[in-house]
Amino acid sequence: MIRKTFLVILCITSFFYIFFVLRKLIYFLSNSNEHQKTQLVSTEDGNLNLSTLWSLLIDSCLLSLFILQHSLMANDTVKNFLKKLYIDEIERSLYNTCSAAVLSFLLDNWQIIPWINIWNIDISNNNILWSIFTLIHIFGWFVIYSGCLTMDISELIGFRQVYYKITARPSPMSTKSKELRRYYSHMRHPSFIGFLIILWIHPFMSLDRFLLASILTIYMLLRWSIDKEDYQYHAHVLRCKQREFIF
């Protein structure tokens with residue numbers, strides 16, 4: 001009984017913490033960063049160059065830490081280790097919580113470089129442009145959320161694994177079809193396109209955001225590759241979900 005209670009508390013705590021960090025991420029990626037543009041740099045050119053390099057180094061280390069954690073904890077070796085400890089039912093919750101913690105650390109320590117930008121579109125006095133960028137980002141987050149629903153959000157956040165363990169059922173993954181297990185092996189995260197929209201379509205592309213968008217895009221391309229068979233399965237599941245919502 002104590003173990004079951006602990007699993008439920010851990011799962012619920014993980015969910016609320018992830019929700020809190022995702023809220024920070026949405027603000028970090030989708031706010032217009034108008035306040036950054038107004039920052040004045042009063043240092044000399046030499047100090048400014050040093051400051052830029054130092055900020056890029058810190059940001060690169062933060063991204064490396066996030067990618068390292070994200071990749072290592074998704075490794076089969078780690079999953080098999082948790083199985084040996086008989087806590088594999090909380091593997092997803094642990095993965096999500098650790099990812100959220102590292103992501104929160106990245107967001108809190110991120111070094112902005114507003115004095116160097118790739119492009120700068122002024123939307124502060126243009127309601128039409130502001131509306132366009134806002135709607136694009138809303139669409140991007142909607143695509144990401146839809147991808148979570150398609151891939152079973154209860155399992156992505158770890159609820160289903162804990163529930164199955166408490167009710168003495170087999171692991172959810174063991175009940176999945178061969179096609180779904182194959183799809184998960186290629187892309188366990190939802191919506192590559194949604195993240196591309198959020199990362200790249202922004203009115204103020206500072207150097208630090210360009211670094212963030214570039215590194216994460218390369219990482220996603222390397223980790224989230226799907227083939228024609230995966231695409232066909234995803235399309236089939238999406239049609240089934242649409243029929244469920246309609247009827």
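This structure holds four aromatic pairs. Keep in mind that it is a predicted model.

**Aromatic pairs**
- Take Trp141 and Phe195: their ring centres sit 6.4 Å apart with the planes at 80°, so this pair is edge-to-face.
- Trp141 belongs to helix α6 and Phe195 to helix α10, so the pair ties together parts 54 residues apart in sequence.
- Trp141 itself is buried, at a relative accessible area of 18%.
- Then there's Trp200 with Phe210, whose ring centres are 5.7 Å apart and whose planes meet at 80°, so that pair is edge-to-face too.
- Here the link runs from helix α10 (Trp200) to helix α11 (Phe210), so it ties together parts that are ten residues apart in sequence.
- Trp200 is partly exposed, with a relative accessible area of 26%, and Phe210 is partly exposed at 32%.

**The largest nonpolar core**
- This core has 26 residues, and those touching the most other members are Leu29, Leu63, Phe66, Leu106, Trp110, Leu199 and Leu212.

**Transmembrane stretches**
- An unreviewed UniProt entry places "transmembrane region" at residues 7-30, 50-73, 94-116, 128-151 and 186-204.
- Residues 50-73 are 96% helix and 0% strand, with the end C-alpha atoms 35 Å apart.
- Residues 94-116 are 70% helix and 0% strand, and there the end C-alpha atoms are 38 Å apart.

How values were computed. Residues numbered from 1 in each chain as written. Predicted model: local features only at pLDDT ≥ 70, side-chain atom pairs only at ≥ 80, totals over all residues. Heavy atoms only, no water. UniProt positions renumbered as here; feature names shortened; annotations may be inferred. Helix = DSSP H or I, 4+ residues; strand = E, 2+ residues; numbered from the N terminus. Core = buried A, V, L, I, M, F, W, Y, C linked by side-chain atoms within 4.5 Å. Buried < 20%, exposed > 50% of the residue type's maximum accessible area, 1.4 Å probe, protein only. Phe/Tyr/Trp six-rings, centres within 6.5 Å; stacked < 30°, edge-to-face > 60°.
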